[in-house]
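Hi everyone, thanks for making time this morning.

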Amino acid sequence: MKGGGYVVTKTIATWFGVVLILVGILGFIPGVTNSDHMLLGIFHVNTAHNIIHLLSGIIALWTGMTSAAYAKLYFQIFGVVYALVAILGFVAGTNDVLGFIANNMADTWLHVVIAVVALFVGFGTKEEEMVKAA
């Protein structure tokens with residue numbers, strides 16, 4: 001990091017963390033998640049799905065507050081994992097992924113978008129692009 005700059009990757013990781021933690025919490029709140037386990041009436045969630053969001057969010061938040069290198073590594077791993085989850089989601093259709101993670105096509109397509117963004121941040125940016133001078 002050069003002269004008073006900030007790291008964009010850390011900021012993105014922090015926001016990913018906040019959003020994933022919020023989504024994980026909302027998945028447990030009746031009313032936000034209906035009796036059919038549909039978060040916002042769109043995404044099929046269950047306890048395992050919510051816990052995965054919470055853990056992914058906590059790790060993202062931690063990396064965002066730690067270092068750009070950890071944040072970049074997080075996005076590399078996170079991007080690959082979510083890409084695999086998206087592929088498994090297409091295979092599973094409306095069935096649970098790996099037999100325990102609630103899934104529907106809205107979940108799968110959201111996982112595709114998350115994977116693309118994470119893979120771009122993790123692999124598609126050069127070190128000098130991650131740092132912006134203040």
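A word on the ground rules. This is a predicted model, with local features needing pLDDT of at least 70 and side-chain atom pairs counting only at pLDDT 80 or more, while totals for chains, interfaces and linings use all residues. Residues are numbered from 1 along each chain as its sequence is written, and side-chain values use heavy atoms, with hydrogens and water left out.

So, the layout. The protein chain has five helices and four strands, where helices are DSSP runs of H or I with at least four residues, strands are runs of E with at least two, and numbering starts from the N terminus. Reading from the N terminus, the order is β-α-β-β-α-α-α-α-β. Of the 134 residues in the protein chain, 40% are buried; buried here means under 20% relative accessible area, exposed is over 50%, and partly exposed lies in between, using a 1.4 Å probe and protein chains only. Taking contacts between residues at least 6 apart in sequence, 69% join residues at least 24 apart, and contact means heavy atoms within 4.5 Å.

Now the helix pairs. Let's begin with α1 and α2, the latter being residues 47–66. Their axes come within 7 Å and cross at roughly 155°. The axes are lines fitted to C-alpha atoms, for helices over the stretch in contact, and angles run from 0 to 180 degrees between N-to-C directions. That makes α1 roughly antiparallel to α2; the classes are roughly parallel under 35 degrees, roughly antiparallel over 145, roughly perpendicular from 65 to 115, and oblique for the rest. The contact residues include F16, L20 and I21 of α1 and L54, S56 and L61 of α2. By type, the contact of α1 with α2 has 12 nonpolar residues, 10 polar and one charged. Nonpolar covers Ala, Val, Leu, Ile, Met, Phe, Trp, Tyr, Cys and Pro, charged covers Asp, Glu, Lys and Arg, and the others, Gly among them, are polar.

How do α1 and α3 pack? Helix α1 (residues 8–26) and helix α3 (residues 68–92) meet at about 50°, with axes 8 Å apart, and are therefore oblique to each other. On the α1 side the contact is made by T9, K10, I12, A13, F16 and L20, and on the α3 side by A68, A71, K72, Y74, F75, F78 and Y82. Those residues divide into 10 nonpolar, one polar and two charged.

On to the core. The largest nonpolar core has 13 residues, a core being a set of buried Ala, Val, Leu, Ile, Met, Phe, Trp, Tyr and Cys residues joined through side-chain atoms within 4.5 Å. Among those with the most contacts inside it are F16, L20, F78 and I114. Two or more residues each come from α1, α3 and α4 (105–123), and α3 gives the most, with five. Leaving aside neighbours within four places in sequence, F78 contacts F16, L20, S56, I114 and A118.

Last, the loops. Which residue has a positive phi of about 65° although it is not a glycine? That is H37, in the loop between α1 and β2 (38–39), and at 45% relative accessibility H37 counts as partly exposed. L40 also has a positive phi, about 55°; L40 sits between β2 and β3 (43–44) and is exposed, at 55% relative accessible area.
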